[in-house]
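Dear colleague,

I am handing over the structure below, and I would be glad if you kept it open while reading the notes that follow it.

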Amino acid sequence: MTDLAVIGAGPAGLAAAVAAAAQGLDVAIVDSAAEAGGQFYRQPASALHARRPQALHHQWRTWERLRDALAGSSARFLPGHHVWAVERDSDGFAVHALVGPEQREPAVVRGAAVLLATGGYERVFPFPGWTLPGVVTAGGAQAMLKGGLAVPGRRAVVAGTGPLLLPVATGLAAAGVEVAALVEAAGAADLVRHGRALAAKLPEGAGYAARLLRHRVRLLARHAVVRAHGEDRLTGVTVAALDADGRVRPGTERHLPCDTLAVGHGMLPHTDLAETLGCRLDGPTVAVDDEQRTDVPGVWAAGESIGGSALALAEGHLAGLSVAARLSGADPDPARWAAAARSRTRLRKLAAALDAAYPPPARWSDQVTDDTVVCRCEEVTAGAVREAVEELGAGDVRTVKLLTRAGMGWCQGRVCGPAVAGLAGCELTPSRRPFARPVPLGVLARQHDNATRRGTS
């Protein structure tokens, strides 16, 4: 039994663990990866003997300080723990995970309190050819580079929308990949409209712009990939200019040969565990108060607003101090986390401005043909989704799922959910899944047997 179980070893989880441990709490951090750092601070495997891993990151000194603080704390890091559920028990919370090379061995970490720091995942809207080998998510290409010192191909196009595309394009170019173009759906007008709020990002943006020029990467603003080409693998993409309403401008299509397309349309927060616990959501994110507490007693959340690592660090630090105060029975002193609270306020405004400046293409579905696969797991096409709405009367994502099986596969709708909702013309609603990831039946059976034995002993 530990005082605080932190789920997620990214910036928010590590900052919270360090802060809570410094206040005397017994802290356990669980994460599916072999090393701490999360996706933002992903490190090359030690066997690769990377000589300059800092070249793959910005804010490397921040990571070094966080890593050293973790090493000097009493917090325990439990790697290789794939969490599939969190439930209340008589002593607090039980964090259920799968461990081992095949993720078939159960493990339970019990805590008086839980911090959800599970971060987010990429949103990708479909287009004809997006299932071809060679098409990867922007974050996936970055993860290959950071974690495996590998590149997905020799000639790449980076496309979609959002600030993540900049480090992906410059990172690939620095690694020797010929980046044919950075295709960004947002335009200069979108950035100018939010210029005052985005002023703090200007130096960072200028740095990326200089690197794009150095590597001769073309920036195609207000453009989108409308089709990927190839038979057995990707051979090229068609890009086109977008008008002010997000429609493709006729006659602007051009073909770009490439063997890799790294594409992404922003981020969504992982809220599966929060939903299962019954935490209230505020839009797509977990609703929290000024102390990062959810409306479920004993559950905190941090770093799920997808506002960047600096915001995640501020939220995590504040959450760790709050947990320590609440578990000790002391009256929380907001003055202790006033600096973190000020940073959080400023960075949340910046995150909101970025979100507004990089909206998904408004008319992306216009280019999705009926034979385009939308749900890869169940091989459901866009035509089937449209038929469920137009012919069978489906008016929400759940009904579309029941009629087409879209979202019933291995990823449980995480990849296709936004696309299905967009094609159906309805909101993407919480799913309240009992499990956050697939679980072997044998694990569930053993858990039931153990619970039965405890109840009869």
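In this predicted model, Ala301 lies in strand 19, which covers residues 299-301. Ala301 counts as buried because its relative accessibility is 4%, where the cut-off for buried is under 20%. Leaving aside residues up to four places away in sequence, Ala301 touches Leu115, Leu116, Val286, Val288, Gln292 and Thr294. Between the C-alpha atoms of Ala301 and Ser343 there is a separation of 17 Å, and these two residues are 42 residues apart along the chain.

Strand 1, residues 2-7, is mostly covered, with 5 of its 6 residues buried. Strand 1 runs parallel to strand 6 (residues 105-116), and 5 bridges join the two. Strand 1 also pairs with strand 2 (residues 27-30), again in the parallel sense, over 4 bridges, and in strand 2 the bridge partner of Ile7 is Val30. With helix 1 (residues 11-22), strand 1 and strand 2 make up a β-α-β unit that is right-handed.

Next come two helices that pack against each other, helix 4 (residues 165-174) and helix 6 (residues 202-214). In general, such a pair is described by the angle between the axes and the distance between them. For helix 4 and helix 6 the angle is about 35° and the axes are 10 Å apart, and the crossing of helix 4 past helix 6 is left-handed. On the side of helix 4 the contact is made by Leu166, Pro167, Ala169 and Thr170, which meet Tyr208, Arg211 and Leu212 in helix 6.

The last item is an open sheet of 3 strands, in the order 12-13-14, whose pairing is antiparallel. Strand 12 (223-229) and strand 14 (254-257) stand at the edges of this sheet, and each has a single partner strand, so one side of each is left without a neighbour in the sheet. From one strand to the next, the twist averages 30°. Strand 13, residues 236-241, pairs with strand 14 in the antiparallel sense over 4 bridges, and Val239 has Arg254 in strand 14 as its bridge partner.

With best regards

Technical notes
Residues numbered from 1 in each chain as written. Predicted model: local features only at pLDDT ≥ 70, side-chain atom pairs only at ≥ 80, totals over all residues. Heavy atoms only, no water. Buried < 20%, exposed > 50% of the residue type's maximum accessible area, 1.4 Å probe, protein only. Contact = heavy atoms within 4.5 Å. Pairing = 2+ DSSP bridges. Right-handed = clockwise from strand over helix to strand, strands pointing away. Axes fitted to C-alpha atoms, helices over the stretch in contact; angles between N-to-C directions. Left-handed = near helix turned anticlockwise from the far one by under 90°.
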